[in-house]
Amino acid sequence: MEEINNVEVTPCTESDYLKPFRVHYNQNGTKKSWDFMRTHDSVSVLIFNTSSHCFVLVKQFRPAVYMCEWERAKTQPPQSAEKTEEGASEAAAAAAAPVPESPEGQSASEGESSSQWPPASAGVTYELCAGLVDKPDLSLEEIARQEVLEECGYDVPASKLKRITSYRSGVGVTGAKQTMFYAEVSDDNCVSAGGGEPQEGELIEVVKVPLHEAMTFAYDECIPKTMGVVFSFIWFHNNMSPKYKISTNV
């Protein structure tokens, strides 16, 4: 998953997922304009395994996250490998990582230190099982069920999915709506290893977070994760923990 190389950034002139627009409008007598992207709505699922008392998340490489870290790394001063033993090992790891090309499609200049470029792990995030709402003939519950099966390997009837809430994400850019569900599974529901659909370019690792470590995981800023993970763990603590009389270590 973390073997990333031959990175090249090019203009996006056509996409099945993102369509840029500029809207012009008047607000309270003032003429304004705003750039936005039209994209699909989505579903996400908080999965709780009642057999092992753990949450089931997915871990995957996100190019957008990686490029944000790449841009941030360019503004940081080079780190000296002689400061500490820990610093030296980190610099060596970064130096061994592939060097991405610049946004203009050009490779980094030879004078730039490769330690400026983040390792591929900088683009890896922990997320809820999720997917796009791009099948008009299926309900949100059916789409969520398919994602749970494909990404995490659990076969859960759509009728067993509990709707938590829906909300807007990326309100400044996309304004897309995501609907979050809750699913309880057991080891008996596990029919495959999951991992997503390789033919669709998915490379997903299934990760289990023990219940007693959930809130520590949620608030640990060193662990890259989506807001959905944080919110859903808090929702579980407030709504499900009392029911099962189990602790989320808060």
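Start with the ground rules. Residues are numbered from 1 along each chain as its sequence is written. In this predicted model, local features need pLDDT of at least 70, side-chain atom pairs count only at pLDDT 80 or more, totals for chains, interfaces and linings use all residues, and side-chain values use heavy atoms, with hydrogens and water left out.

Confidence comes next. pLDDT is the predictor's confidence in each residue, from 0 to 100. The protein chain has a mean pLDDT of 84, and 78% of its residues reach 70 or more. Among its elements, strand β3 (residues 42–49) has the highest mean, 98. Helix α2 (residues 85–96) has the lowest, 44. Over residues 87–115, pLDDT stays under 50. The model has 36 contacts for that stretch beyond four places in sequence; a contact means heavy atoms within 4.5 Å.

Now the overall build. The secondary structure comprises six helices and nine strands. These are DSSP runs, numbered from the N terminus: helices are H or I with at least four residues, strands are E with at least two. Of the contacts with a separation of 6 or more, 66% join residues 24 or more positions apart. The protein chain has 250 residues, and 34% of them are buried. Buried means under 20% relative accessible area, exposed over 50%, and partly exposed in between (1.4 Å probe, protein chains only). The accessible surface comes to about 15,000 Å², with 50% belonging to carbon and sulfur atoms. Such areas come from the Shrake-Rupley method with a 1.4 Å probe; for residues, only the protein chains shown count as cover.

Turn to the charged pairs. Side chains of opposite charge can pair when their charged atoms come close. The structure holds five salt bridges, each a side-chain nitrogen of Lys or Arg within 4 Å of a carboxyl oxygen of Asp or Glu.

One of them joins D35 and R22, at 2.5 Å from N to O. D35 lies in strand β2 (residues 30–38) and R22 in strand β1 (residues 19–27), so the pair ties together parts 13 residues apart in sequence. R22 is exposed, at 54% relative accessibility. D35 is partly exposed, at 43%.

R72 is partly exposed at 46%, and E69 is partly exposed at 25%.

D155 and R145 form a salt bridge too, with their closest N and O atoms 2.7 Å apart. This pair links distant parts of the chain: D155 is in the loop between α3 and β7 (162–169), and R145 is in helix α3, 10 residues apart. D155 is partly exposed at 32%. R145 is partly exposed at 28%.

K225 is a charged residue without such a partner. It is in the loop between α4 (214–219) and α5 (227–239). K225 is buried, yet has no salt bridge. The nearest side chain of opposite charge is D220, 6.0 Å away; Lys and Arg count as positive, Asp and Glu as negative, and His and the chain ends are not counted. What does the K225 side chain reach instead? A polar atom of this side chain lies 2.7 Å from the backbone oxygen of I223. The side chain also reaches the backbone oxygen of A218 at 3.5 Å. Beyond four places in sequence, K225 touches Y126, F217, A218, D220 and V230.

Technical notes: Polar contact = N/O pair within 3.5 Å; in protein donor to acceptor, adjacent residues only side chain to side chain.
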